[in-house]
Amino acid sequence: MEKKLNILLIEDNLIEIMKMKRTISFLELDHNLIEAKNADEALEILEDKTKIPDIILLDLNMPKISGIEFLSILKKNESLKHIPTIILTTSDNHKDLEECYRIGVSGYILKPLKYEEYIKKIELTLAYWSTNELKRV
């Protein structure tokens, strides 16, 4: 990978958080993983301009503020809308997928059932964004 990424993972499911940590550890990626258990917590993190992530991995199905609602809030914010946001979900609902791309998502990843496929998808995603020029605020 080209450069170290600061990743904001917005996920309410503890098992999914542990799976992401294990995946990054398994891949021996030199990245910073910042965790937010819901959209409110993520918005608090994003208020601190020193913690602006290079990429956001966002769960679609969260309580209170859904992933789609969070994505809308993010893309309406002039100082945050540039952050590439990737949806991680088990939902293959085309309405959700189309809505996410209409709002401005950078990627939509269906979580596979097999862990090996999950690792491969995360590795490819992070490698892609590690080689892109990312705007620094």
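At 49% relative accessibility, Tyr128 counts as partly exposed (buried is under 20% relative accessible area, exposed over 50%, partly exposed in between; 1.4 Å probe, protein chains only). The model is predicted: local features need pLDDT of at least 70, side-chain atom pairs count only at pLDDT 80 or more, and totals for chains, interfaces and linings use all residues. Residues are numbered from 1 along each chain as its sequence is written, and side-chain values use heavy atoms, without hydrogens and water.

**Exercise 1.** Determine how the rings of Tyr128 and Trp129 are arranged.

*Solution.* Step one is the criterion: rings of Phe, Tyr and Trp (its six-membered ring) pair if their centres lie within 6.5 Å; planes under 30 degrees apart count as stacked, over 60 as edge-to-face and the rest as tilted. Step two applies it: with 5.0 Å centre to centre and 90 degrees between the planes, Tyr128 and Trp129 are edge-to-face. Trp129, at 14% relative accessible area, is buried.

**Exercise 2.** Classify the aromatic pair of Tyr115 and Tyr118, and state which charged residues lie over these rings.

*Solution.* First, a distance of 6.2 Å between centres and an angle of 25 degrees between planes make the pair stacked. Next, both residues belong to helix 5 (residues 115-131), and their spacing of three residues separates them by about one helical turn (helices are DSSP runs of H or I, at least four residues, numbered from the N terminus). Tyr115 is partly exposed at 22%, whereas Tyr118 is buried at 3%. Finally, a charge sits over a ring if NZ of Lys or CZ of Arg is within 6 Å of the ring centre and within 35 degrees of the ring normal. Lys19 lies over Tyr118, 4.4 Å from the ring centre; Arg22 lies over Tyr115, 4.4 Å from the ring centre.

Note on methods:
Helices (H or I, at least four residues) and strands (E, at least two) are DSSP runs, numbered from the N terminus.
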